[in-house]
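Here are my notes on the helices of this model. Please read them with the structure open.

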Amino acid sequence: MTMRDSMFCTHCGSETNQEEIASHENWYPRAGFIKSEKDGLADKEAYTVYQLTERVMRCKGCDRFHIFYRERTPANPEDHVVSYQVPRPMDRRQPEWTRHVNIDYLPLLGEIFHNYNNENYISFSIACRTLVDMFLTDLLGDIGGFEKKVKVCIEKGHVTAAQASILEFLIEAGHASAHRGFSPTKEISEAVLDTLEFLLRERVVSKKAEKYGPKIPTRRGS
């Protein structure tokens with residue numbers, strides 16, 4: 001017998017009534033390992049068990065499907081429970097205006113939003129730095145490293161000193177992830193994505209001003 005639940009629909013972006021199409025629950029082993037030294041070989045294998053509940057749901061609003069998972073691992077003093085769904089809810093959707101950016105940026109931009117929404121923050125941070133490098137190279141040419149590019153951006157008036165400090169924040173986060181395995185928190189990652197969107201959107205707005213500015217009537221006699 002089917003059940004109806006109010007659950008979050010990734011496609012609708014809100015809580016909707018959903019109908020259960022199928023469900024399954026079972027216990028499974030989970031393999032692990034034990035190491036006596038951080039940089040040594042794994043000494044022995046270890047196993048735990050967990051209960052996996054899977055529910056296939058259909059949204060009554062858009063008719064799209066989701067799978068909701070619940071993993072329960074017996075532990076003292078209480079069970080450890082993890083719940084998630086596929087497709088996952090998106091914290092940030094790629095803005096509509098990104099269709100106006102350089103077409104070469106779009107594959108990497110898609111990866112950036114995918115990694116952010118899936119909490120792959122190291123890959124996300126590195127990809128953001130890569131996109132900024134592409135952006136600065138297109139703007140200035142291949143004139144050297146990040147430090148020189150930011151300096152020339154200020155000298156040529158492409159960014160203000162305040163904007164340059166924002167840019168440096170994004171670049172440093174990417175450096176730390178690429179070279180020191182830094183995993184940004186969600187809050188830092190959100191700030192990095194805000195910075196990236198700010199830079200790209202300013203460029204899009206500038207292009208629109210260049211395109212539509214001449215169509216605005218000027219004052220008579222000017």
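1. Start with the contact between α2 and α3. From α2, R129, V132, D133, L136, T137, L139 and L140 meet F146, K149, V152 and C153 of α3. Contact means heavy atoms within 4.5 Å. By class, this contact has seven nonpolar, one polar and three charged residues. Ala, Val, Leu, Ile, Met, Phe, Trp, Tyr, Cys and Pro count as nonpolar; Asp, Glu, Lys and Arg count as charged; the others, Gly among them, count as polar.

2. A word on the basis. This is a predicted model, in which local features need pLDDT of at least 70 and side-chain atom pairs count only at pLDDT 80 or more, while totals for chains, interfaces and linings use all residues. Residues are numbered from 1 along each chain as its sequence is written, and side-chain values use heavy atoms, with hydrogens and water left out. Helices are DSSP runs (H or I, at least four residues), numbered from the N terminus.

3. Now the geometry of that pair. Two packed helices are described by the angle and the distance between their axes. The axes of α2 (residues 121-140) and α3 (residues 146-155) come within 11 Å and cross at roughly 50°. That makes α2 oblique to α3. Angles under 35 degrees count as roughly parallel, over 145 as roughly antiparallel, 65 to 115 as roughly perpendicular, and the rest as oblique. The axes are lines fitted to C-alpha atoms, for helices over the stretch in contact, and angles run from 0 to 180 degrees between N-to-C directions.

4. Helix α1 covers residues 106-117. Its buried residues (under 20% relative accessible area, 1.4 Å probe, protein chains only) are L108, L109, I112, F113, N115, Y116 and N117. What covers them includes α2 and α5 (186-212). Just after α1, E119 takes a positive phi of about 60°.

5. Helix α4 (residues 161-180) has 20 residues, which should span 28 Å at 1.5 Å a residue; its end C-alpha atoms are 27 Å apart, which agrees. The expected span is 1.5 Å times one less than the number of residues. Among the buried residues of α4 are L167, L170, I171 and H175. Their cover includes α2, α3 and α5. Just after α4, G181 takes a positive phi of about 65°.

6. The C-alpha atoms of I166 and R220 are separated by 41 Å, with the two residues 54 apart along the chain.

Technical notes. Helices (H or I, at least four residues) and strands (E, at least two) are DSSP runs, numbered from the N terminus. Buried means under 20% relative accessible area, exposed over 50%, partly exposed in between (1.4 Å probe, protein chains only).
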